[in-house]
Amino acid sequence: MKNKIILALLSLSVFISCKKDEQLLLVEQQKEVKKREAIFATINKSWNFNAFPLNQSTQSLNQNWAEWRVFLKELSEKPKTSIGAFQKKAKTLSKKAAELNNNIPATYNKPEIKSRISAVTTKINTLNLYINLKNIPDQKIVKLIPEINQEVESLQQQFAEIDTKNQIKMEDGEEDMIRMLDTTRAISVENSNSVPNPSVSPNKKPFLRAK
């Protein structure tokens, strides 16, 4: 009888212990859910990217450069459902940013453009890293988003700057000077072709064979 009582008490103790563990686990799970909900709310509020063309240069690129158009499209589409959706979007943005190095139009295929693309890619890769950590540093992500916007804007401004340089008209009189130099070169070439052969004397009579 005594052994039965001891066994019953042990069983009860184990049962109570298991219940406590289950309750603690449930409490921890609820805390984790609330934490992720708070992180989602913070990121959702701050996830605002400037994905619209800022000038005529980038509007034109939307039509002629597929990688740029796709990148801006992905940047403009904001996830809505969960942290998982933001994590998936960050991975996609990281991939699309890297693809900006492909098929750059010849006009913009310059070191300064590639440098700006590299800066955008680095910032987005950092975003992708942060948001996929086990403990998501939401405040770092909040700080990073406007920095990404700034880099994208700098890239667009660089496009416009290159177009501006290409469209600068020649200074007054420069075109006439170039035309005059071309005419002078043409006259010089013509005169050089008309110079007589110095080995033939202009006063020398032609040789006539005797009959």
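Where is serine 154 found? I looked this up before anything else. Serine 154 sits in helix α6. I keep in mind that the model is predicted.

**Entry: serine 154**

I checked burial next. Serine 154 has 18% relative accessibility, so it counts as buried; the cut-off for buried is under 20%. I then looked along the chain for a partner. Arginine 116 is 38 residues away in sequence, and its C-alpha atom is separated from that of serine 154 by 7.1 Å.

**Entry: glutamine 157**

I stayed on helix α6, which also holds glutamine 157. Is glutamine 157 buried, partly exposed or exposed? Its relative accessibility is 43%, so I record glutamine 157 as partly exposed. The C-alpha atoms of glutamine 157 and asparagine 55 are separated by 8.0 Å. Along the chain, those two residues are 102 apart.

**Entry: helix α2**

Asparagine 55 took me to the start of α2. There, one of its side-chain oxygens comes to within 3.2 Å of the backbone nitrogen of serine 57. Helix α2 covers residues 56-64.

Which residues of α2 are buried? I noted Ser57, Thr58 and Leu61. Viewed down the helix axis, the buried residues of α2 fall within an arc of 90 degrees, so they line one face of the helix. Gln56 and Gln63, on the other side of α2, are exposed.

I then asked what covers the buried residues of α2. The cover includes α3, residues 66-76, and α6, residues 138-167. Helix α6 is also where I had found serine 154 and glutamine 157.

**Entry: cavities**

The largest cavity holds about 50 Å³ of space.

I listed its lining. Glu32, Lys35, Arg36 and Ile39 contribute, and so do Lys134, Asn135 and Ile136. By class, the lining of the largest cavity has four charged residues, two nonpolar and one polar.

**Entry: whole chain**

Last, I stepped back to the fold. The protein chain has seven helices and zero strands. Its pattern along the sequence reads α-α-α-α-α-α-α.

What share of the 211 residues counts as buried? I have 27% for the protein chain. I also looked at contacts between residues at least 6 apart in sequence. Of these, 77% join residues at least 24 apart.

Terms used. Residues numbered from 1 in each chain as written. Predicted model: local features only at pLDDT ≥ 70, side-chain atom pairs only at ≥ 80, totals over all residues. Heavy atoms only, no water. Buried < 20%, exposed > 50% of the residue type's maximum accessible area, 1.4 Å probe, protein only. Helix = DSSP H or I, 4+ residues; strand = E, 2+ residues; numbered from the N terminus. Arc of directions from axis to C-beta. Contact = heavy atoms within 4.5 Å. Polar contact = N/O pair within 3.5 Å; in protein donor to acceptor, adjacent residues only side chain to side chain. 1 Å grid on protein atoms, 1.4 Å probe; cavity = no way out; pocket = protein on both sides within 12 Å on 5 of 7 lines; lining within 4 Å. Points joined across faces, edges and corners; volume = space filled by probe spheres on them. Nonpolar A, V, L, I, M, F, W, Y, C, P; charged D, E, K, R; others polar.
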